[in-house]
Amino acid sequence: MIYFDRVAKRYANGREALSAVSLRITPGEMVFLTGRSGAGKSTVLKLIALLERPTRGQVIVNGENTGKLPNRKVPAFRRRIGVVFQDHRLLMDRPVFDNVALPLLVADASLREVGKRVRAALDQVGLLGKEQLRPTELSVGEQQRVGIARAIVSRPPLLIADEPTGNLDPVLAGEVMSLFKRLNEVGVTILVATHDVHFVRESGLREIVLESGVVAGSEESLPLPPLQAHR
Amino acid sequence: MIGALGRWVGRHAHAAVSSAGRLARQPFGTILSVLVMGLTIALPLGLNLLVQNMRSATGNFSGAIGISVYLHQDVTDDKAEQLAANARARSGVARVQLITATAALEQFRKESGFGAALQALGSNPLPGVLSITPTPEGASPAAVEGLRRYLAAWPEVDSVQLDGEWVARFSAILEVLRRVLLLAAVLFGAGVVAVVGNTIRLEIQNRRPEIEVTKLVGGSNALVRRPFLYTGALYGLVSALTAWLVIAIALQLLQPPVAQLAQAYGSHFRLAGPTLQEVGIVLGAGTFLGWLGALLAASHHLAGIEPGAL
């Protein structure tokens, strides 16, 4: 599902965020990505969502080598990944329904389909019936759940989340994490970058620890997964 | 196939409707931009109508253009008759009125009150005159000048005088105005493109978060650009409509005094408005220019917006 082979990322300002990251996440897994601030967690997520391309090494996501994917194919690539942000990035001037519907409208779904799927996604995050409210009328925890509904509405096989509980109190954080677990149980591959070490240990799920640009405790090269043929 | 077409129409309709809704939700800014562009379009349109109306007005004055041909004093009345016939045969000549030396003297004697003084002169001091009116086609400055030269070359002709030469000069001025108008139309058209482009640029800046999120969830550049193109086209269309509205009001205000002026000159001249075709062309051109401005701005600014920060 996600495969990094000795990936380095140097930004235009010269900062090397990753020096040699190798990791592998198989379909159906739920994995935590931890590490101090500045260890490169966000960079790993950006490389997965193709917000950035690797400077060296290979990043393969959903069978696509992101370093070689032509620009015109980037939108279709992004549609197969759900992204959840720490600050949820909702459009505050639009109702919940419009926010959640955005990925479907972008993918040209029919209007009937959009209504059905938006309600299903809101049901999953426990916000059914709040379609017409504005995000400003919701609590912080609810806003984060709207962000999650938007990430899962088009049923992507892969969900990545950057500090999704960063702004939440422990109770709300626990709710969000158990929501991720439920999604994982129905087959969504999930990668969560988090500080919340307590929850990670408690969950018993796999943890990838980043330490100043490399994966702590393992630097061996991993076997290459099958690649999608490019048309 | 039908489904794909339906979805295509659907998403364009959605973009168009949401663009219109967006404009309607910020009426003040929209009205200001539309006014700027509407007046920008109205200026060359108004100038165009002015020129057209002046042309048709002076067209009515083509009867005022005349050529007086003064014959040498030794030309006999019979010879003068023959010359008048020659002049009538020339193309571009509507009417030739001959005032023979004898008739002129008779008229002068009757009307001037100097009859006794003339008697004392013994011989007739007045020349024969051909008063020539050109046809409307023959009334252009070039045609009139050609006719003047032709007549001046006759040995019996003493001098040729153009009457109503101002009309010819005036239509030459109108021709200059028409050129100025073409230039103005091009410049003001570029102005509309620039205003729409700038408006769309600001709009893109305002909606940057939305654009970033849309790109993040997999929106293509075409999809992100589409509502802005509709906004631009809509701006152009509404501005062109505003321009015609301004022109219509101006025509209503000018009609009574113009009618009065025309009446004072014994004319039934009325200001002519634009034809339906002209209205249609301007609406189409406005829409196109708006779309073009939006396309330029969107292509330039949207490329720079990528959902960088996570």
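Let's walk along chain B: from the N terminus on, its elements run α-α-β-α-β-α-α-β-α-β-α-α-α-α. That gives 10 helices and 4 strands. Keep in mind that this is a predicted model.

What does the overall spread look like? Along its principal axes, the C-alpha trace of chain B spans about 115 × 35 × 35 Å. The radius of gyration of chain B is 33 Å, while the globule rule gives 19 Å for 310 residues, so chain B is more spread out than a compact globule. Buried residues account for 29% of the 310 residues in chain B. As for contacts in chain B between residues at least 6 apart in sequence, 86% of them join residues at least 24 apart.

Now zoom in on a pair of helices. Packed helices are described by the angle between their axes and the distance between the axes. For helix 7 (residues 165-206) and helix 9 (residues 221-264) of chain B, the axes come within 10 Å and cross at roughly 140°. Angles over 145 degrees would count as roughly antiparallel, so these two helices of chain B are oblique to each other. The crossing is right-handed. On the helix 7 side, the residues that meet helix 9 include Val192(B), Val196(B) and Ile200(B), and the helix 9 side includes Phe228(B), Gly232(B) and Tyr235(B). By class, the residues of this contact divide into 6 nonpolar, 5 polar and 1 charged.

Finally, turn to the neighbouring chain. Here 15 residues of chain B are in contact with 19 residues of chain A. Helix 1 (2-25) and helix 8 (208-216) of chain B each supply at least two residues of the side that touches chain A, and helix 8 gives the most, with 5 residues. That side of chain B has 7 nonpolar, 5 polar and 3 charged residues.

Key: Residues are numbered from 1 along each chain as its sequence is written. Chains are lettered from A and ligands numbered from 1 in the order in which they are written. This is a predicted model: local features need pLDDT of at least 70, side-chain atom pairs count only at pLDDT 80 or more; totals for chains, interfaces and linings use all residues. Axes are lines fitted to C-alpha atoms, for helices over the stretch in contact, and angles run from 0 to 180 degrees between N-to-C directions. Angles under 35 degrees count as roughly parallel, over 145 as roughly antiparallel, 65 to 115 as roughly perpendicular and the rest as oblique. A crossing is left-handed if the near helix is turned anticlockwise from the far one by less than a right angle, and right-handed if clockwise. Two residues are in contact if their C-beta atoms, placed from the backbone, lie within 7 Å. Ala, Val, Leu, Ile, Met, Phe, Trp, Tyr, Cys and Pro count as nonpolar, Asp, Glu, Lys and Arg as charged, and the others, Gly among them, as polar. The radius of gyration is taken over C-alpha atoms; the globule rule is 2.2 Å times the number of residues to the power 0.38. A residue is buried if 20 or more other C-beta atoms lie within 10 Å of its own, exposed if 12 or fewer, and partly exposed in between; C-beta atoms are placed from the backbone.
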